Amino acid sequence: MSTTSMVKGTAVPASLPWPGLLALSTAAFTAVVTELLPAGLLPRMAPALGVPEARVGFLVTGYAVASFVAAIPVTALLRGLPRRPVLVGTLLGFALSNAVVALSSSYGLTFTARLVAGVMGGTLWAMLAGYAARMAPAERRGRAIAVVLAGITLALSLGVPAGTALAEVVGWRAAFGLLSGLAVLLVGWVRWRVPDFPGEARGERVPSARVALLPGLPVILSVTLFLLLGHQMLYTYIAPFTEHAGFGRTDVVLLVFGASTVSGIWGTGLLVDRRPRATLLGALALCAAVMLALGRYADAPAVLLVSVALWGVAFGGAPTLIQTALVNASGPAASDVATSLQTTVYNAGIAGGSLTGGVVLGALGAGALPWTALPLVALALTAVALGRRHAFPDARSRAQAGR
């Protein structure tokens with residue numbers, strides 16, 4: 001019995017290639033910690049760079065903007081190149097950027113290094129889901145993507161807090177130096193256990209504008225946008241909302257949310273290849289129910305904490321489900337371009353949700369945030385429910401498409 005299949009001349013194992021997928025997951029972990037670590041180190045970095053804390057915060061903003069701007073054009077520029085050298089180059093870019101941050105005493109140089117890291121981040125996020133899909137057999141594609149995206153969850157729940165705590169002991173420069181070293185070690189791991197795949201031949205490339213219009217993709221991108229707008233609107237301002245609810249322990253609320261996202265992505269990994277549509281519908285319905293509960297009953301501590309836990313479970317699994325749908329709709333070969341589009345929409349949702357939430361907070365108060373987020377989550381749920389044919393097909397539609 002054969003244990004491999006072939007994808008454009010590259011052997012694909014019949015079971016999940018765990019060492020390679022874990023390398024990609026660690027790359028995701030490294031990117032998220034690189035992006036967010038300065039936020040926890042503002043008081044330490046500001047004196048060393050000779051700027052106010054607010055300008056150190058711009059190191060996170062600069063990364064995000066560079067990632068947003070670079071994702072589509074850089075992915076389009078590199079789509080014809082073999083995949084592993086692009087991945088290795090991206091990791092070396094992270095290593096160089098973090099090494100410069102660790103050594104620099106100039107804010108301008110540090111900010112430039114963060115822009116470089118942001119470009120690397122935009123490139124990496126456009127690659128990861130498609131890379132995982134091409135490494136795994138079709139029937140385990142969703143679980144492979146879940147394994148890779150688990151690196152994001154671990155970075156948020158463990159990596160950033162651990163990096164901040166480590167900086168307390170060894171200094172913030174050493175923390176960035178260790179991140180640089182991790183990226184270098186990852187290069188060796190990737191070259192050892194991650195297979196190479198060819199880029200797209202020029203004659204086979206679907207133009208980027210046409211990728212965006214492939215059947216199902218506009219719906220999937222709209223679900224991404226609506227969900228991120230609604231989620232970020234409340235999550236960004238969870239501290240004032242927690243105070244409004246009379247609980248006052250934002251750290252506990254964030255811990256509950258972060259721990260629950262781990263459960264969410266684990267559960268999604270078990271279901272994504274068997275019942276992707278039903279699982280996503282359930283996750284979005286649960287998000288909507290959470291917004292309703294927080295809008296009406298958040299002043300009860302038990303309701304607040306249980307609702308946040310359920311929110312974490314639902315949101316933890318949603319990105320994997322949506323990215324799996326994206327790869328299935330675009331096909332693994334065009335998934336890098338499709339994912340670059342989603343990366344841009346994802347960041348737009350984060351920025352738009354944060355901005356809208358701030359306006360709502362200032363005009364109507366924290367209590368209005370769940371009620372403003374609820375219609376957006378409901379729109380995402382409705383789009384999934386209606387996108388039965390191409391975007392989020394049920395079992396019958398998938399079977400017909402496979403004929």
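The structure is a predicted model. Its pLDDT averages 88 over the protein, and 94% of the residues score at least 70.

**Confidence**

- Confidence is highest in helix α4 (residues 83-103), with a mean pLDDT of 97.
- Confidence is lowest in strand β1 (residues 4-7), where the mean is 50.
- Where pLDDT is low, the predicted coordinates should not be read in detail.

**How the helices pack**

Two packed helices are described by the angle between their axes and by the distance between those axes.

*α2 with α3*

- Helix α2 (residues 42-49) packs against α3 at an angle of about 105°, and the two axes are 8 Å apart.
- An angle from 65 to 115 degrees counts as roughly perpendicular, so α2 and α3 are described as roughly perpendicular to each other.
- On the α2 side the contact is made by L42, P43, M45, A46 and L49, and on the α3 side by E53, V56, G57 and L59.
- These contact residues of α2 and α3 divide into seven nonpolar, one polar and one charged.

*α3 with α5*

- Helix α3 (residues 53-78) also packs against helix α5 (residues 107-135), at an angle of about 40° and with the axes 6 Å apart.
- The pair α3 and α5 is therefore oblique.
- α3 and α5 cross in a right-handed sense.
- In the contact of α3 with α5 there are 17 nonpolar residues, eight polar and two charged.

*α4 with α7*

- α4 and helix α7 (residues 172-193) have axes that come within 8 Å and cross at roughly 165°.
- Angles over 145 degrees count as roughly antiparallel, and α4 and α7 are therefore roughly antiparallel to each other.
- The crossing of α4 and α7 is left-handed.
- Residues of α4 in this contact include R84, L87, L91, F94, N98 and L103, while those of α7 include W172, F176, S180, V184, V187 and R191.
- The residues where α4 meets α7 divide into 18 nonpolar, three polar and three charged.

**W172, in α7**

- W172 lies in helix α7 and is one of the α7 residues that meet α4.
- Its relative accessibility is 6%, so W172 counts as buried, the limit for that label being under 20%.
- Leaving aside neighbours within four places in sequence, W172 is in contact with L41, R44, M45, A48, V101, S104 and A167.
- One of these contacts, R44, is 128 residues from W172 along the chain, yet their C-alpha atoms are separated by 7.0 Å.
- Another of them, M45, is among the α2 residues that meet α3.

**T242 and F247**

- T242 is in helix α10 (residues 238-244), and F247 is in the loop between α10 and α11 (250-271).
- T242 has 0% relative accessibility and therefore counts as buried.
- F247 has a relative accessible area of 23%, so F247 is partly exposed.
- Neighbours within four places aside, T242 is in contact with F247, G248, R249, T250 and V253.
- F247 and A212 are 35 residues apart in sequence, and their C-alpha atoms are 44 Å apart in space.

Key: Residues are numbered from 1 along each chain as its sequence is written. This is a predicted model: local features need pLDDT of at least 70, side-chain atom pairs count only at pLDDT 80 or more; totals for chains, interfaces and linings use all residues. Side-chain values use heavy atoms; hydrogens and water are left out. pLDDT is the predictor's confidence in each residue, from 0 to 100. Helices (H or I, at least four residues) and strands (E, at least two) are DSSP runs, numbered from the N terminus. Buried means under 20% relative accessible area, exposed over 50%, partly exposed in between (1.4 Å probe, protein chains only). Contact means heavy atoms within 4.5 Å. Axes are lines fitted to C-alpha atoms, for helices over the stretch in contact, and angles run from 0 to 180 degrees between N-to-C directions. Angles under 35 degrees count as roughly parallel, over 145 as roughly antiparallel, 65 to 115 as roughly perpendicular and the rest as oblique. A crossing is left-handed if the near helix is turned anticlockwise from the far one by less than a right angle, and right-handed if clockwise. Ala, Val, Leu, Ile, Met, Phe, Trp, Tyr, Cys and Pro count as nonpolar, Asp, Glu, Lys and Arg as charged, and the others, Gly among them, as polar.
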